[in-house]
Amino acid sequence: MIHLERQSVKSCILRSVGYDDAMKNLEIEFHSGLVYQYSGVPTKVYNDLISSSAVGKYFSDKVRNRFRAKQLVV
C-alpha cells in the first residue's frame, strides 16, 4: 500500500490530508494517529475540504459515511 503525501490542516480532529487525483483517493490522518483512505472522492470535494474554514466539519458532513473507507496500517 502506497501512502499519499499529505499536507497538515488546522482541525481539532484531522492532522493531515492527501489526495490522488488519478485514483480519486483521499487520505485522512486523524490526530489519534489513525489513517483512512476514502475512494471515489471527486477532486471538488478534496479542494473544498482543504479550503474550508472548518475542515473537520466539512469532513464529517461531506466525506465520512459517504465514500468507501479503509483503515491503513501506518
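Leaving aside neighbours within four places in sequence, Ser 11 is in contact with His 31, Val 55 and Gly 56, where contact means heavy atoms within 4.5 Å. The model is predicted, so that local features need pLDDT of at least 70 and side-chain atom pairs count only at pLDDT 80 or more, whereas totals for chains, interfaces and linings use all residues. Residues are numbered from 1 along each chain as its sequence is written, and side-chain values use heavy atoms, with hydrogens and water left out.

Ser 11 is found in the loop between strand S1 (7–8) and strand S2 (14–20); strands (E, at least two residues) and helices (H or I, at least four) are DSSP runs, numbered from the N terminus. With a relative accessible area of 19%, Ser 11 is buried, a term that means under 20%, with exposed over 50% and partly exposed in between (1.4 Å probe, protein chains only). The side chain of Ser 11 reaches the backbone nitrogen of Leu 14 at 3.1 Å.

The aromatic residues come next. Rings of Phe, Tyr and Trp (its six-membered ring) pair if their centres lie within 6.5 Å, and planes under 30 degrees apart count as stacked, over 60 as edge-to-face and the rest as tilted. By this rule there are five aromatic pairs. In one of them, the rings of Tyr 36 and Tyr 38 have centres 6.5 Å apart and planes at 40°, so this pair is tilted. Tyr 36 is partly exposed at 23% relative accessible area, while Tyr 38 is buried at 5%.

The rings of Tyr 38 and Phe 59 have centres 5.6 Å apart and planes at 75°, and the pair is therefore edge-to-face. Because Tyr 38 lies in strand S4 (residues 35–39) and Phe 59 in helix H2 (residues 55–62), the pair ties together parts that are 21 residues apart in sequence. Phe 30, Tyr 36, Tyr 38 and Phe 59 form one aromatic cluster.

Definitions and conventions. Polar contact = N/O pair within 3.5 Å; in protein donor to acceptor, adjacent residues only side chain to side chain.
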